[in-house]
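Let us walk through this model together, one neighbourhood at a time. Please keep the sequence and the 3D view side by side as you read.

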Amino acid sequence: GRDGGRTLSPTGPAQAGLELNNQSGDFSPDNAAGPLFGNLGPGREVRLRATHNATTYDVFRGVIDAYDLTVDPPERTVHLGMVDAISQLAAVQVSTGLYEGLRTDQAIAIVLDEAGWGTARDLDPGATMVHWWCADQVSAWDAIQQLVDSEGPGALATVDSTGNFVFRSRHHRLL
């Protein structure tokens with residue numbers, strides 16, 4: 001989820017891609033007889049899992065962003081482009097009241113509430129106290145990034161592979 005190769009680069013939406021064999025036509029969105037009819041296309045939820053040594057791991061959770069169907073024989077494939085929930089936060093505009101004396105994690109929780117994010121959160125107690133804070137017609141992700149920036153180097157906001165929003169304060173690695 002980092003935008004650059006440096007450790008202190010800001011995070012951004014994670015992306016994933018799959019190419020699926022569609023010889024059966026099961027992944028064709030217009031195949032009314034297919035088992036996935038009505039459940040394919042942009043905006044649909046996706047969860048990728050991998051099993052290793054009899055243990056199943058969540059690898060990615062997000063939504064389909066691009067759906068490209070190739071029907072020319074012998075290639076009958078579907079390419080899925082996917083993004084995680086950060087992209088959804090970037091698409092939501094939020095406005096909050098004016099707050100006094102909040103830690104960064106408390107302000108992030110307010111942004112998540114305003115954006116309609118559920119309870120899937122793992123927030124460290126912020127190490128920075130914000131004396132006065134509000135968000136005014138800004139994307140939820142931009143508001144969160146501003147709070148992470150005010151927390152300082154080492155702070156991080158992302159979404160994990162199970163769909164939890166994660167905030168790590170600048171002291172997380174020390175503690």
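Predicted model: local features only at pLDDT ≥ 70, side-chain atom pairs only at ≥ 80, totals over all residues.

Which side chains meet in a salt bridge at 3.2 Å, N to O? They are those of D124 and R168, where a salt bridge means a side-chain nitrogen of Lys or Arg within 4 Å of a carboxyl oxygen of Asp or Glu. D124 lies in the loop between strand 7 and strand 8 (129-133) and R168 in strand 11, so the pair ties together parts that are 44 residues apart in sequence.

Residues are numbered from 1 along each chain as its sequence is written, and side-chain values use heavy atoms, with hydrogens and water left out. Helices (H or I, at least four residues) and strands (E, at least two) are DSSP runs, numbered from the N terminus.

Now follow R168 back into its strand. In a regular strand the side chains alternate between the two faces of the sheet. Strand 11 (residues 165-168) has F165 and F167 pointing one way and V166 and R168 the other, and all of them are buried. Strands pair if DSSP finds at least two bridges between them. Strand 7 (residues 121-123) runs parallel to strand 11, with 3 bridges between them, and L123 stands opposite F167. Strand 10 (residues 156-159) is antiparallel to strand 11 and is joined to it by 4 bridges; in this pairing, V159 faces F165. The hairpin of strands 10 and 11 has 5 residues between the strands, and G163 takes a positive phi near 95° there.

Helix 3 (residues 140-151) has 12 residues and reaches 17 Å from its first C-alpha to its last, close to the 16 Å expected, a span taken as 1.5 Å times one less than the number of residues. Its buried residues are A140, W141, A143, I144, Q145, L147, V148 and E151. An α-helix has 3.6 residues a turn, so residues three or four places apart point the same way.

Next, turn to the loop between strand 1 (15-21) and strand 2 (45-52), where you will find N22. N22 is buried, with a relative accessible area of 1%. A polar atom of the N22 side chain lies 2.9 Å from the backbone nitrogen of F27. Neighbours within four places in sequence aside, N22 is in contact (heavy atoms within 4.5 Å) with F27, S28, L69, R76, T77 and V78.

Finally, back to the charged pairs. The count comes to 5 salt bridges. One of them joins R49 and D58, with the closest N and O atoms 2.9 Å apart; D58 is partly exposed at 24%. R103 and D105 form a salt bridge as well, with their closest N and O atoms 2.9 Å apart. Within that pair, D105 is buried at 8%, whereas R103 is partly exposed at 29%.

Terms used
Buried < 20%, exposed > 50% of the residue type's maximum accessible area, 1.4 Å probe, protein only. Polar contact = N/O pair within 3.5 Å; in protein donor to acceptor, adjacent residues only side chain to side chain.
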